[in-house]
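Please consult the sequence and the structure alongside the text.

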Amino acid sequence: MESNKQADEGYVSVVDIEVDSVQPEHSGFILLGRGADKAEYRLEMHLDIPVDRRTQTVLGEMLAQSEWRVLRRAPAPLRRLRPRQNRKPVV
């Protein structure tokens, strides 16, 4: 997936996912794929409008050729762990 500058620097990239397969569901799709971290991901996409079989087939084929970038913005910065020298030793 092409890397691009984010308009809002408050967002951080969580994962880039390359879709391997798409399963149609009653009100949307389930996309399965792997991330750059080699983990398996499942994305569930729900539609609020009815979609006929032909449109569902075309959308499924398009989604099967897609890549997804998941970004997140936390309401507060993540807390840093205490420095290692201040931690209790593990016995």
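A residue is called buried when its relative accessible area is under 20%, exposed when it is over 50%, and partly exposed in between, with a 1.4 Å probe and protein chains only. Helices (H or I, at least four residues) and strands (E, at least two) are DSSP runs, numbered from the N terminus. The model is a predicted one, in which local features need pLDDT of at least 70 and side-chain atom pairs count only at pLDDT 80 or more, whereas totals for chains, interfaces and linings use all residues. Residues are numbered from 1 along each chain as its sequence is written, and side-chain values use heavy atoms, with hydrogens and water left out.

**Overall architecture**

The protein chain contains one helix and four strands, arranged along the sequence in the pattern β-β-β-α-β. Of its 91 residues, 15% are buried. The accessible surface (Shrake-Rupley method, 1.4 Å probe; for residues, only the protein chains shown count as cover) comes to about 8300 Å², and carbon and sulfur atoms contribute 52% of it. A contact means heavy atoms within 4.5 Å. Among the contacts in the protein chain with a separation of 6 or more, 48% involve residues 24 or more positions apart.

**The helix**

Which residues of α1 are buried? They are Q56, G60 and L63. These residues lie on the same side of α1, because they cover an arc of only 70° around the axis, the arc being that of the directions from the helix axis to the C-beta atoms. An α-helix has 3.6 residues a turn, so residues three or four places apart point the same way. The buried residues of α1 pack against strands β1 (12–25), β2 (28–35), β3 (40–46) and β4 (67–72). R54, E61 and M62 are exposed on the other side of α1. The N-terminal end of α1 is capped by D52, which has a side-chain oxygen 3.0 Å from the backbone nitrogen of R54.

**Salt bridges**

A salt bridge is a side-chain nitrogen of Lys or Arg within 4 Å of a carboxyl oxygen of Asp or Glu. By this rule there are three salt bridges, tabulated below.

| Pair | Closest N to O distance |
|---|---|
| R69 and D16 | 2.8 Å |
| R42 and E44 | 2.9 Å |

**The surroundings of L32**

L32 is placed in strand β2 and counts as partly exposed, at 27% relative accessibility. Leaving aside neighbours within four places in sequence, L32 is in contact with E18, V19, D20, S21, Q23, Y41 and R42. One of these residues, D20, is 12 residues from L32 in sequence, and their C-alpha atoms are 5.8 Å apart in space. Another, R42, forms the salt bridge with E44.

Note on methods. Polar contact = N/O pair within 3.5 Å; in protein donor to acceptor, adjacent residues only side chain to side chain.
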